[in-house]
Amino acid sequence: MNSIVCLKQVPDTEARIKIAPGNMGIDESDVQLVVNPFDEYAIEAALRLKEQAGQGTVTLISQGGDSAGTALRTGLAMGADNALLLKDPAFDGSDSLGVARILAAAIATLEYDVILLGKHGVGGDNNQVGPMLAQLLDLPHVGVAVALEVGDGKAVVHRSVEGALEVVETSLPAVITAQKGLNEPRYASLKGIMMAKRKPIDERDAAALGIDTATVGSAGALLLQTRLELPPARPEGRLIVGEPVEAAKELVRLLHEEAKVI
């Protein structure tokens, strides 16, 4: 069972975000970057598929700068076999379609049975790269997977939909995006961490992938970001003190006269 896992490096979800000068991105100087949490479910799913099959490889792919190599090392420490970093200044500023094009170009050169990635990247929250990647590779796509069974050239995927679970059977290869609940990602062992430090990370640029740079990066982006800003601060709450009956009366008065919601 050969699996490809596409992963992204994102700011720690518990970090306090600051906007960088120019209002076009976040200030990463004091922010820890981690593997996108939803991609961790995808890595774990790939490792389990390999273990169940008793053979195969898990190949990690990430598009980004040098720092993305840290995310790849994390996946290697968890047990992945290979890592591929797609790095080129021409890739900077890619929108979801640009990222999907870059990943598709790399994946087209590899052998695989299934492609896994998180349902979305924390921060952008676009939920687009998985379906776009499947379209570009002309593969079936099943998103928001919370359970996965693979065998006999097909996969049965339980996917989360509003108020219910949907069961989908698809042929392989296919693109499957992972949702929270698919599994519990393992921690990297000390042995895995040490081995990951010695594993090579293959790097490829636009020329190696045969990508027309006019279709990726800022040059090919169809979605343009004009400004990034934090939401306005919420007003401070008001504490009502006193006996319960009087406090309830005061709450009703405030809701009626000031908030005007009743």
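**Burial, Backbone and Core of a Predicted Model**

Trainee: Does valine 144 count as buried or exposed?

Mentor: The relative accessibility of valine 144 is 16%. Buried means under 20% relative accessible area, exposed over 50% and partly exposed in between, with a 1.4 Å probe and protein chains only. Valine 144 therefore counts as buried.

Trainee: How many helices and strands make up the secondary structure of the protein chain?

Mentor: Both kinds of element are DSSP runs numbered from the N terminus: helices are H or I with at least four residues, and strands are E with at least two. The C-alpha atoms of the chain fill a box of roughly 70 × 45 × 40 Å along the principal axes. The secondary structure within the chain comes to eight helices and 11 strands.

Trainee: What distance separates the C-alpha atoms of glycine 151 and methionine 1?

Mentor: Glycine 151 also lies in strand β7. Its relative accessible area is 30%, so glycine 151 is partly exposed. Along the chain, glycine 151 and methionine 1 are 150 residues apart, yet the C-alpha atoms of the two are separated by 9.6 Å.

Trainee: Which element gives the most to the largest nonpolar core?

Mentor: A nonpolar core is a set of buried Ala, Val, Leu, Ile, Met, Phe, Trp, Tyr and Cys residues joined through side-chain atoms within 4.5 Å. The largest one has 36 residues, and those with the most contacts inside it are Val5, Ile43, Leu60, Leu116, Leu148 and Ile176. At least two residues of this core come from each of α1 (37-53), β4 (58-63), α2, β5 (82-86), β6, β7 (141-151), β8 (154-161) and β10. With eight residues, the element that gives the most is α1.

Trainee: Why might nonpolar side chains be buried together?

Mentor: This question concerns a general pattern. In soluble globular proteins, nonpolar side chains tend to be buried together.

Trainee: Which residues does the cis peptide bond with omega of about 5° join?

Mentor: One of the two residues is found in the loop between β9 (164-171) and β10 (175-178), namely proline 173. The omega angle of the bond is about 5°. The residues joined by this cis peptide bond are leucine 172 and proline 173.

Trainee: What is the positive phi of aspartate 125?

Mentor: Aspartate 125 lies in the loop between β6 (114-118) and α4 (129-137). Its relative accessible area is 48%, so aspartate 125 is partly exposed. Although aspartate 125 is not a glycine, its phi is positive, at about 55°.

Trainee: What is the positive phi of asparagine 127?

Mentor: Asparagine 127 also has its place in the loop between β6 and α4. A relative accessible area of 40% means that asparagine 127 is partly exposed. Asparagine 127 is not a glycine either, and its positive phi is about 60°.

Trainee: How far apart in space are glycine 124 and proline 200, C-alpha to C-alpha?

Mentor: Glycine 124 is another residue of the loop between β6 and α4. At 41% relative accessibility, glycine 124 counts as partly exposed. Glycine 124 and proline 200 are 76 residues apart in sequence, and their C-alpha separation in space is 29 Å.

Trainee: How far apart in space are lysine 260 and alanine 196, C-alpha to C-alpha?

Mentor: Lysine 260 lies in the segment after α8 (244-257). Its relative accessibility is 63%, so lysine 260 counts as exposed. Lysine 260 and alanine 196 are 64 residues apart in sequence, whereas their C-alpha atoms are apart in space by 59 Å.

Definitions and conventions:
Residues are numbered from 1 along each chain as its sequence is written. This is a predicted model: local features need pLDDT of at least 70, side-chain atom pairs count only at pLDDT 80 or more; totals for chains, interfaces and linings use all residues. Side-chain values use heavy atoms; hydrogens and water are left out.
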